[in-house]
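Reader: I am new to this structure and would welcome a guided introduction. May we proceed by question and answer?

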Amino acid sequence: MVKYTLVMAKRRWNDFQGNNRFFCDGRLITARQFGILVFVVIVILVIAVLYLAFDARFLVLNIRPIGVGVIFPVIGIAFMFYSLAYVLKAGCTDPGIVPRAYRDEETYNLTLGAEDSSGTAKGYLGTPARYRTVTVNGIQIKLKYCVTCKIWRPPRASHCGLCNNCFEQFDHHCPWVGNCVAKRNYRYFYLFLVTMTIGTVYVMGCNVAVIVIASKQHGFLYAIKTYPASIIEFCVSGLGAISVSGLAMMHTWLIARMETTNEEMKGSFRSRPGEESALNPYITSRNCFENFCIVVCGPFTPSLIGRRDEVDVEGSVLEEECTYGATTQAEKTSDLPAQSTELERRSSHPPEDQSVIVSAEVHSERQQLITD
């Protein structure tokens, strides 16, 4: 009787730790609570349908000279399309999850760092009261240890309690896009705020134009009764504009200062009583335009978690009866196929024993990330 261990390939996202959800075979990733993202998408679609069905049609037929009014639906469609594309891109992109430590790397990480006499590295029960420092543009930055991920977080990284993962250049967890906003999807989040603000204000302007033109032709009461969709659009677009315009202005200010929402809320670079103002080591230029180019048009960093990589997992054990005739046990062993020998060799070395090699590669990559 010969036992065969089936080795099946499985995507890494199937056993991914954390509270994120994966769709389309790991191509899309969101937070656990993404219902508000669906609501935002529906609101954008409703506004677009009402605008094209009523306001755009009215403006095309009533703006003189004939043909000039076509520009209004074209501009409206462009704003709505980009708003929808950016919110979906921000909500379904890996924000920049930092991989968790392997078992052997956990033990190694606990040996790093020095005792924290100031107590600034205090955390949850079990967190080592230790810290590490790295130099970023000539300024010393303290690294914190994550008790959940068992890693030393890279500079500007933070742990999200809702997603239960550490993120590079963490900004905040945004329920409106159903995901964390961090290094890899921040540009899409900011562009969504900008296009949504301009788009909703544009639709409101078209709503007012429809009511004004209809009032001049037939009176104000007639315009209200005939075009109630314009009033509904104006109210919905107004609520949307109020919601996102403030965020758009705040993040514009943050980009100009090269800060994240998390750093601003914590006052990482804010002057405290009796202390000198902490310098921001991440400002590469004092020119606000260059800062915008870096954030919005900078290189798109690859994902670190390899969620669609294939990993080998052990399957069920099959038993096959082999008849060798009147031969000795030694002859049976020597006549086994090479494939059986290879499967037995794999079964004697389970995948977790190979974690040392993989962990060493990941650790070197993480050390390079911290140094950079």
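**Rings, Charges and the Fold**

Author: In this predicted model, the charged end of Arg 156 sits over the ring of Tyr 282, at 4.2 Å from the ring centre.

Reader: How many helices and strands does the chain have?

Author: The model is predicted, and the chain is described here by its secondary structure. The count comes to 13 strands and 11 helices.

Reader: How many aromatic pairs does the structure hold, and how is the pair of Phe 58 and Tyr 227 classed?

Author: The structure holds 12 aromatic pairs. One of them joins Phe 58 and Tyr 227, with 5.0 Å from centre to centre and 70° between the planes. Planes over 60 degrees apart receive that class, so the pair of Phe 58 and Tyr 227 is edge-to-face.

Reader: How far apart in sequence are the parts that this pair ties together?

Author: Phe 58 belongs to helix 1 (residues 35-62). Tyr 227 lies in the loop between helix 5 (220-226) and helix 6 (228-257), so the parts tied together are 169 residues apart in sequence.

Reader: Is Phe 58 buried or exposed?

Author: The relative accessible area of Phe 58 is 5%. Buried means under 20%, so Phe 58 counts as buried.

Reader: Which class describes the pair of Tyr 190 and Phe 292?

Author: The ring centres of Tyr 190 and Phe 292 are 6.2 Å apart, and their planes are at 45°.

Methods
Residues are numbered from 1 along each chain as its sequence is written. This is a predicted model: local features need pLDDT of at least 70, side-chain atom pairs count only at pLDDT 80 or more; totals for chains, interfaces and linings use all residues. Side-chain values use heavy atoms; hydrogens and water are left out. Rings of Phe, Tyr and Trp (its six-membered ring) pair if their centres lie within 6.5 Å; planes under 30 degrees apart count as stacked, over 60 as edge-to-face and the rest as tilted. Helices (H or I, at least four residues) and strands (E, at least two) are DSSP runs, numbered from the N terminus. Buried means under 20% relative accessible area, exposed over 50%, partly exposed in between (1.4 Å probe, protein chains only). A charge sits over a ring if NZ of Lys or CZ of Arg is within 6 Å of the ring centre and within 35 degrees of the ring normal.
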